Amino acid sequence: MPAYATNMRLKFPILALTLEIITIILFSVFVVYDDGEKHDGHGDHGNSNTVIMYPMTSTKHDVHVMIFIGFGFLMTFLKRYGFSSVGLNLLLAAFALQWGLLMQGLWHLDADGKIRVDVFKMINADFSTATVLISFGAVLGKTSPVQLLIMTILEITIFGINEHLVANVLGANDVGASMIIHAFGAYFGLAVARVLYRPALRDHENNGSVYHSDLFAMIGTVFLWMFWPSFNSAIANPGADQLMAVTNTYFSLAACVLSAYAISSLVEHKGKLDMVHIQNATLAGGVAVGTCADMNIGPFGAMLIGFVAGIISTLGFKFLSPILASHLGIQDTCGVHNLHGMPGILGGIAGIVAVAMGKKNGSAAMQACALASSLGFALVGGAITGLIMKLPFWGQPPDQNCFDDSIYWEVPEEEEAEESLAHGEHSTNKAEA
Amino acid sequence: MPAYATNMRLKFPILALTLEIITIILFSVFVVYDDGEKHDGHGDHGNSNTVIMYPMTSTKHDVHVMIFIGFGFLMTFLKRYGFSSVGLNLLLAAFALQWGLLMQGLWHLDADGKIRVDVFKMINADFSTATVLISFGAVLGKTSPVQLLIMTILEITIFGINEHLVANVLGANDVGASMIIHAFGAYFGLAVARVLYRPALRDHENNGSVYHSDLFAMIGTVFLWMFWPSFNSAIANPGADQLMAVTNTYFSLAACVLSAYAISSLVEHKGKLDMVHIQNATLAGGVAVGTCADMNIGPFGAMLIGFVAGIISTLGFKFLSPILASHLGIQDTCGVHNLHGMPGILGGIAGIVAVAMGKKNGSAAMQACALASSLGFALVGGAITGLIMKLPFWGQPPDQNCFDDSIYWEVPEEEEAEESLAHGEHSTNKAEA
Amino acid sequence: MPAYATNMRLKFPILALTLEIITIILFSVFVVYDDGEKHDGHGDHGNSNTVIMYPMTSTKHDVHVMIFIGFGFLMTFLKRYGFSSVGLNLLLAAFALQWGLLMQGLWHLDADGKIRVDVFKMINADFSTATVLISFGAVLGKTSPVQLLIMTILEITIFGINEHLVANVLGANDVGASMIIHAFGAYFGLAVARVLYRPALRDHENNGSVYHSDLFAMIGTVFLWMFWPSFNSAIANPGADQLMAVTNTYFSLAACVLSAYAISSLVEHKGKLDMVHIQNATLAGGVAVGTCADMNIGPFGAMLIGFVAGIISTLGFKFLSPILASHLGIQDTCGVHNLHGMPGILGGIAGIVAVAMGKKNGSAAMQACALASSLGFALVGGAITGLIMKLPFWGQPPDQNCFDDSIYWEVPEEEEAEESLAHGEHSTNKAEA
């Protein structure tokens, strides 16, 4: 077994501890509590008003649940990769929210050179985390924890630049982040996946689900689906705008479910539903309505967007993903192109159209620039990041160990099969006693 | 294989897409955002005041979690029907909340003929959804997605009529909806199940659980249990009434757990606990205290109701359900009669008594009429709906394919058992390399 | 089969029903609704102000999720003990929150001799529940439901005394309850475990996990991780103090994840990660920052505490737990010493240091007394409770049936393994049809 390269015993602990210690030092220099008073020398769109702190706290929790339960369990669909999916999701998210707070905060320092942590900044930190987790989906099963930590550092840094450009320089609308999170995260991850392409992974025997792993994934799907209105409304203006963002997302998602189910049945063998579509395409409505969420597009406008997103996403899984894998060398484990990529672009375009139609103050040209900027940073940044991740000493798993927890995790033996076959009882004494 | 009748490839997509397109058109005509101003020509018990929007948003999330996670996972207890349970739950709920918003809204149009979507209306839409999901439990495993969509349309329409009658015409109290949701949904579903009765389904080999499916179901149980206080208090008057509803439900549920566990042990083989009782009867206290939740019955009064509900529900599972199945031809897959039916009636009766004792303003006679109306609409509406569902072209599964996902879903092979048996031992190579 | 002693058929139902009936009677005497007015003759730190009721309601829900989903699923890691973990967790918690409300309320009666239930008191009831569930982790798999109910009564009573002493007599700070819940619950449970020591349980074949049971446990871990900021801030002063408690806990937990993963990889075979560490040690930062959560220690101070806690906890699982089991006769099934015990003491010490450094008003000596009191009551109370639980008529499971649901639960046959081996289909017809 290739223990020489993939043994994480030194490189992973050293990297993780070093990163955390650096982060703690940076926090000691830059980060202070929010004391409720104004310190902003320049435009900070944060708001530490305690009157609105509580609803934001509730929203923060919803976003938190999406990040840690939603993304984490959505990726447990693989038959032998559940520990990594939910476990590495926790690791990357826990680091990303610290790093994201720094990378976003550095663009919005208060007059005294400090970053004041309030609920708004914590939500934004969760947002930057989402970007990384989307990209994680594209490379799931094919990368080591060390590679993923490196991706996290670079992606969040680049995300911070693009987000600053889109929100502050271009002044574009993207309240639900169709462009700056979903499209960015997807194409960043796809660029990484393209650079890391390995032909031998095609039709890998472990790149599939089993019955219960698909049920675990549905925990992720349903939590994402339920709390997406909070995601898209989290940084909307409180009051009518925020309620509009909730309403639009709610109905876009509902319409998306119907179209995703219908198309799944239409394109599958004997009209059967496919769990991959249900787990993912039912969420495309939340992605696609993101940019327009706080625009006056009408509930039926939101439903149309969701309806189309569900169709595009399901068709993408069925017809486009296989082509990307076989012709373009893009192996997209979770199909993030279908859930976040195309719906993210759809959301960006819908935003351009809606702004052009006067549904929200803004410039359609700036909206288009924001979409282009997000795609450009994602593709270039992802390609560079992929090249760095491809360096041979980060412990990338060999082909035959991909999509398999046991290369990086202590995995208990599956008693159901083995034990009953062998009738020899070797329990794995995990708990020390 | 009976592909002729159960193939969903055309009938399901056409129905789903048609329903969604009709819904979008109806939304474009009737539904607008709530702008926080008053447009109500007549008595709307909604409230778009932004001061109370935030706590309602939090409550809405809790109800949402109950609908999508709670009901969805509660029904995953069947060994081979988890995809359908959580997946069709999502499909039906996503359609039902759109349809419910229309069907309830049409009774409360604003002066300009519009339905203004606010958080209150979204909660009510979730409520109508609950009714369908309860009935779904009675027919779980024996119906096609097409049949279920038809049931959803009809049931929500009838629910809207009964709800209008109970709340607006009779003026009855039913804050936690023991009568209009729980009893209605249960007896509607039981009437459908009676019409669809099939003797061959008795002792069906797939109508049972496996170890991990019972654990998935407990996810549903616990989320329902935790958030039930929000369900029962969601439309209570803010302030003391709402806190009373939370308090009553909280303690009713707590007392119900103790009695359900005790009776489960008392009636089972060697005093063992039965997962079916634990998954369901522990929730009966939430159902039974619903009508009285905002009445001044005292915490111990709520506990007494919960205590009794836990006993009745457990005994129902043990003794009554087998009789219903064998003597009355009512095959109640999830035992909704024990969780929602009898506790719902108990709740209605408790409401009559409490109003008669002056615990809340109202008329005991109107309370009794509300209970009778809910049962009547449920039984008649359910029977008619069942007859429509029984038409031979909706793709109902043949007896031998009931309680089995694989008739409507692509199901991955169970490698753990099959593969390792077939190929000797390479499959569980998951353990330590 | 040892049906003679472990048959719960009479002793469990009688105990459960009796306890619930006594509780209902006590509620009828003492407990009334909170009506929003002041009735406090003496110092009650409760607050029934409806302005702050809503955020507290949200916090209460988070704590509720931690208690019922978090603790419940965290303990499902054992391969054959999932029903008991999540099921008995529900039973004990449902009883404990009723009993806890009484035991805590008796120390804070209003002038008219009543306990007024408000959201604050419900949170405190959940808190006392947490203590029992921590101790449950130490004795998981080795005790009967009857023994556990007895433990619940005694532990909550003793907890109420210590909490009153620490908070009201000593006036010590312990906002996140590192001392009075975590250290107390852990050492109470360890004392019980020591008294119930059984040498034959060493290397028990069922004391281990399987793949999917570890994934169920991660549901618990992630929900605990996400909502811990609510736990530590629930009873903090609203406003800046509460935001500080949220912020400190949030970053302590994030830093803790990195150090726990790093140390897990460093100490394990070939640098692999161990699920036991990930499920537990990632949470140690929440425990350890508890006492200091509302103190002005700076975000980086909180991160340092979390960083150290993650290291100590992981090392404890790896090196200390085996020694406790083999040399001291302390079999700690869930490793609560590593998750709650040592991090709780660390939290207490951090509190002493922080108060001594003036990070919060208070007396370092009183903080030290609070820690000593919590440990003293835990060890003495746990030992006495253990002796009572050791009496031979409570139905303790025989050695060979430990860590196995089937002694107290109807368990469906595992079709995956058995059925396919035997090719005989005897499904367990649990649902009546």
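Predicted model: local features only at pLDDT ≥ 70, side-chain atom pairs only at ≥ 80, totals over all residues.
Local features need pLDDT of at least 70 and side-chain atom pairs pLDDT 80 or more, while totals for chains, interfaces and linings use all residues. Residues are numbered from 1 along each chain as its sequence is written, chains are lettered from A in the order in which they are written, and side-chain values use heavy atoms, without hydrogens and water.

**Interface totals**

| Item | Value |
|---|---|
| Residues from chain B in contact (heavy atoms within 4.5 Å) | 82 residues |
| Residues from chain C in contact | 81 residues |
| Buried area (accessible area, 1.4 Å probe, lost by two parts on being put together, summed over both) | about 7200 Å² |

Of this buried area, 70% is on carbon and sulfur atoms. Tyr211(B), Tyr250(B) and Leu258(B) supply 12% of the area that chain B buries against chain C, more than any other three residues.

Between the two chains there are zero salt bridges (a side-chain nitrogen of Lys or Arg within 4 Å of a carboxyl oxygen of Asp or Glu).

Among the elements that give two or more residues to the chain B side are helix H3 (50–74), helix H9 (240–267) and helix H12 (298–327) of chain B; helices are DSSP runs (H or I, at least four residues), numbered from the N terminus. H9(B) gives the most, with 19 residues.

**Helix H12(B)**

H12(B) has 30 residues and reaches 40 Å from its first C-alpha to its last, close to the 44 Å expected at 1.5 Å a residue (1.5 Å times one less than the number of residues). A kink of about 50° is centred on Gly316(B), the bend being the angle between axes fitted to the seven residues ending there and the seven starting there. Gly329(B), which follows H12(B), has a positive phi near 65°.
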